[in-house]
Amino acid sequence: MKVDPQCSYCLLSRVHYESELSTDNEILIDRIMQECIQVLNDTYAPGVPAASVSTSMHRRAYELLNDSDPYRDMKDVCNRTAEKVFPIARSMVYDGGPSDNELFRRAVLAAVIGNFFDFGVMGLEVPISLFDETFRQHFSRGLDIDDTPKMLDMLDNVVYVADNCGEILLDTLVFDIIKELGGHVTLVVRGEPILTDVTMKDVIELGIDGKVDRVLTTGSGSIGVDMEQAPQELLNAFRDASLIISKGMANYETLTEHEMGPIAYLLKAKCKPVARHIGVDVGHSVARLFEQ
């Protein structure tokens, strides 16, 4: 996916936000904003991949902050908050003893709803009843694009490219069902911290590595998956997969730049550029399969 004019102010807002997470030094924050505006000027051009612009800006901000992981505390809040909503999600997925097809669809839906929740912003102070109510509303609404029936025969060797902390706990519902159906799961996480994205450290601390057959990394702290920096083991996994499942918008932005598949994109369309690219409205829940 190519950069959109709307990406510019969204990225600058995000840089300011992460700067305030790391420091209260206003002089430093001013400098970071100035330098990242310059990075934007240097990298933004029509037809440039969106992730190359965003990665360059975030890397410069992290460098100036001298902070490799400004979101570390927020990631912890995301995970602890998601732990509270997980039992609600699991009970809804398994309620009534659904068929394999329906069970997989419900698990995918729960994972997509997890992509909608901004656990870090909502925080632990939000009553669990609000998560319950919101989750049930989205669950009742279902998927706006639902290609899950087409995926059922492709679950032998799944490569699952994860997105954020917090929602990764809901992704485990999908892992569990793939394993119950006899499939194998290779989980892919970021090679280094970037935003609230899941890393190997996060997966091990949460015990999620025990729910999958292996865990690989993208080899870098780039937004999404930078295929030029991806380890050969990951490239081989992509090549050999019966199905690649890509979670979230950043992975969508990067993996749509390459011909690969079959690949399923699971996400909530949370901004106009991504929604436009997919062909849905903002807020729609998407489980779309692309086959080569």
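This is a predicted model: local features need pLDDT of at least 70, side-chain atom pairs count only at pLDDT 80 or more; totals for chains, interfaces and linings use all residues.
Biologist: How much space lies in the largest pocket, and which residues lie nearest its centre?

Modeller: The space comes to about 1,000 Å³. The lining counts 40 residues. Nearest the centre of the largest pocket lie Cys-10, Arg-14, Leu-195, Met-249 and Lys-270.

Biologist: Which helix gives the most to the lining of the largest pocket?

Modeller: Several helices each supply at least two residues, among them helix 3 (50-65), helix 4 (72-94), helix 5 (100-116) and helix 13 (272-278). Helix 1 (5-22) is on that list too. With eight residues, the most comes from helix 1.

Biologist: How much space lies in the second largest pocket, and which residues are closest to its centre?

Modeller: The second largest pocket holds about 270 Å³ of space. Its lining has 16 residues. Closest to the centre are Ala-51, Ser-52, Val-225, Asp-226 and Thr-254.

Biologist: Which helix supplies the largest share of the lining of the second largest pocket?

Modeller: Two helices, helix 3 and helix 12, each supply at least two residues there. Both also supply at least two residues to the lining of the largest pocket. The largest share in the second largest pocket is four residues, from helix 3.

Biologist: How many residues of each class are in the lining of the second largest pocket?

Modeller: Nonpolar residues number five, and charged residues also number five. The polar residues number six.

Terms used. Residues are numbered from 1 along each chain as its sequence is written. Side-chain values use heavy atoms; hydrogens and water are left out. On a 1 Å grid over the protein atoms alone, a cavity is a set of points where a 1.4 Å probe fits but cannot get out, and a pocket is an open set with protein on both sides within 12 Å along at least five of seven lines; lining residues have an atom within 4 Å of a point. Grid points are joined across faces, edges and corners, and a volume is the space filled by probe spheres set on the points. Ala, Val, Leu, Ile, Met, Phe, Trp, Tyr, Cys and Pro count as nonpolar, Asp, Glu, Lys and Arg as charged, and the others, Gly among them, as polar.
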